[in-house]
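Please take a moment with the sequence and the model before I walk you through them.

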Amino acid sequence: MNEPFISIIIPTLNEEKFLPKLLNSIKEQNYKNYEIIVSDANSKDKTIEIAKRFNVKIVQGGKPAVGRNNGAKFSVGDYLLFLDADVILPKNFLEKAIYEFDHYYYEVATFRFEPISRLKIDHLIFKLANVLIERTRKIYPLAPGFCIICTRRIFRRIGGFDESLFLAEDHDFVKRASKLSKFGIIKDTKVFVSVRRLEKEGRINLIRKYFLAEIYRTLKGKVDKKILEYEFGNFQNSKNINSIEKLIERILKFFK
């Protein structure tokens, strides 16, 4: 049986710090039937230089939805795997993902995820997010854009990611795909994700922002206007853990 060919599509903007870690984790996979496409939004750092060093395909990017769609446009894979630059794949990730994806006849799926962090508060936030995605899978599909896999067929049927959306284009994508095909959560492997957005915006503030965005989606259907502040890239000025987060961290350590 022939192994499916995977197009791995990575939107980037000034990702010189994280991109090498992701590309190395892909390079170390035992599953080799893939291509890597970096959709770059005019990075000013060494992102392009790093991508060239890894001999990947480079295309014009933009906001995440634009980058993913442009990457898909130049891809040739049977399956499309969308990753953010700040994730790391564990060993045998691709092999396990493809096996489970095919076994359950999924056409779109997401993954369980863990934070690259020593803080208990970060692990608690990610655990709750995993539970939420699992519990709402059949009635309200959710999937973080940093790791979504789908077939080329379903991507074309729904027209890719909606580039008009301001937020939650990833959730909108799986919602539309799940109406026409089977949506699932890959459980035999996971992705490791940086907590840079939590650090930049503050953990409580980010949870509040995503909660408000989902309420807006529930009421209006799509987040197609700027209801909240959101930045793509620009993670250089991250904040330290604040006083409320420190208190929660101490409480979590106490109940260890």
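Predicted model: local features only at pLDDT ≥ 70, side-chain atom pairs only at ≥ 80, totals over all residues.

I would like to begin with the largest pocket, whose lining is made up of 44 residues, with Pro144, Phe146, His171, Leu206 and Tyr210 lying nearest its centre. A pocket here is an open set of points on a 1 Å grid over the protein atoms alone, with protein on both sides within 12 Å along at least five of seven lines, and a lining residue has an atom within 4 Å of a point. Residues are numbered from 1 along each chain as its sequence is written, and side-chain values use heavy atoms, with hydrogens and water left out.

The volume of this largest pocket is about 1,300 Å³, where a volume is the space filled by probe spheres set on grid points that are joined across faces, edges and corners. Which helix gives the most to its lining? That is α9, with 8 residues, and α3, α5, α7 and α8 are among the elements that each supply at least two. By class, the lining has 29 nonpolar, 6 polar and 9 charged residues, counting Ala, Val, Leu, Ile, Met, Phe, Trp, Tyr, Cys and Pro as nonpolar, Asp, Glu, Lys and Arg as charged, and the others, Gly among them, as polar.

Staying with helix α9, we find glutamate 214 there, and at 19% relative accessibility it counts as buried, a word that means under 20% relative accessible area, with exposed being over 50% and partly exposed in between, for a 1.4 Å probe and protein chains only. Leaving aside neighbours within four places in sequence, glutamate 214 is in contact, meaning heavy atoms within 4.5 Å, with Tyr140, Leu142, Ala168 and His171. The C-alpha atoms of glutamate 214 and histidine 171 are separated by 9.5 Å, although the two are 43 residues apart along the chain.

Let me step back to the whole chain, which has 10 helices and 8 strands; helices (H or I, at least four residues) and strands (E, at least two) are DSSP runs, numbered from the N terminus. Of the 256 residues in the chain, 53% are buried.

Is strand β1 enclosed or open to the outside? Because 7 of its 7 residues are buried, β1 is largely enclosed by the rest of the structure, and both of its faces are covered, with Ile6, Ile8, Ile10 and Thr12 on one side and Ser7, Ile9 and Pro11 on the other. β1 pairs with β2 in the parallel sense over 7 bridges, pairing being counted if DSSP finds at least two bridges between two strands, and proline 11 has serine 39 in β2 as its bridge partner.

Technical notes: 1 Å grid on protein atoms, 1.4 Å probe; cavity = no way out; pocket = protein on both sides within 12 Å on 5 of 7 lines; lining within 4 Å.
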